[in-house]
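Subject: Structure handover

Hello,

Here is the structure you are taking over. Please open it first, then read the notes under it.

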Amino acid sequence: LIELIYDLADQRIRLNQKPFNPYKVLIAAPKDSQHTLGTHVAAEIFNLHGWSVTSGPSINLEMTPDLVAQEHFDLLGVTLSLDRDLLPGHKFISQCRKVSRNKDLMVVVGGTQAFLRPNLAKEVNANFISTNASHSQAYAMSLLTRLRTRNQLK
């Protein structure tokens, strides 16, 4: 299924010019997460919409603080599938905000827990939750564009 998604994405990119998007997203899941298909799909959706995406099976939540400390990311996408992921998720999101090269790092959280917990964003120190990657990238882009505009006016 993942290969089919990538093939379809490649076809779409070849047929259409990729939209301009100046933003970078890092998508990660806890180590041993069972939600890898969701992260692959989210990464591909963001990619199709022109985001610069860092994601993959070797990118896990535990390494995200180092990654955001080394490189500027506009958005951190975190997938949380299990209840046991909530406390570590909060810990790593908070740590990422603390060490990030981007003082305005935006964080979206998705995965099974986003469907089950309407207050998940608040519980884990994220900006918003996502149950749909297409809607999430559009919402994040609008928030980041407003933030960038506001910062340029200062």
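Along the sequence, the chain runs through the pattern α-β-α-β-α-β-α-β-α-α-β-α. That pattern is made of 7 helices and 5 strands. Please keep in mind that this is a predicted model. The chain has 154 residues, and 43% of them count as buried. Take the contacts between residues at least 6 apart in sequence: 74% of these join residues at least 24 apart.

The cores

The largest nonpolar core has 21 residues. Which of them touch the most other members? They are Leu76, Val78, Leu80, Val107, Val109 and Val124. Two or more residues of this core come from each of strand E1 (24–28), strand E3 (75–79), helix H4 (86–99), strand E4 (106–110) and helix H6 (120–124). H4 gives the largest share, with 4 residues. Apart from this core lies another one, of 16 residues, including Val25, Ile27, Ala42 and Val108.

Leaving aside residues up to four places away in sequence, Leu80 touches Pro30, Leu61, Asp85, Leu86, Gly89, Val109, Gly110, Gly111, Thr112, Gln113 and Val124. Two residues in that list, Val109 and Val124, are also among the core members that touch the most others.

Helices H2 and H7

Next, look at helix H2 (residues 36–48) and helix H7 (residues 133–153). Their axes come within 9 Å and cross at roughly 50°. An angle under 35 degrees would count as roughly parallel, and one from 65 to 115 as roughly perpendicular; H2 and H7 are therefore oblique to each other. Their crossing is right-handed.

Which residues make the contact? From H2 they are Ala42, Ile45 and Phe46, and from H7 they are Ala133, Ser134, Ser136 and Gln137. Sorted by class, the contact of H2 with H7 has 4 nonpolar residues, 3 polar ones and no charged ones.

How far apart are Ile45 and His135 in sequence and in space? In sequence they are 90 residues apart, and in space their C-alpha atoms are 9.9 Å apart.

Regards

Note on methods:
Residues are numbered from 1 along each chain as its sequence is written. This is a predicted model: local features need pLDDT of at least 70, side-chain atom pairs count only at pLDDT 80 or more; totals for chains, interfaces and linings use all residues. Side-chain values use heavy atoms; hydrogens and water are left out. A nonpolar core is a set of buried Ala, Val, Leu, Ile, Met, Phe, Trp, Tyr and Cys residues joined through side-chain atoms within 4.5 Å. Buried means under 20% relative accessible area, exposed over 50%, partly exposed in between (1.4 Å probe, protein chains only). Contact means heavy atoms within 4.5 Å. Axes are lines fitted to C-alpha atoms, for helices over the stretch in contact, and angles run from 0 to 180 degrees between N-to-C directions. Angles under 35 degrees count as roughly parallel, over 145 as roughly antiparallel, 65 to 115 as roughly perpendicular and the rest as oblique. A crossing is left-handed if the near helix is turned anticlockwise from the far one by less than a right angle, and right-handed if clockwise. Ala, Val, Leu, Ile, Met, Phe, Trp, Tyr, Cys and Pro count as nonpolar, Asp, Glu, Lys and Arg as charged, and the others, Gly among them, as polar.
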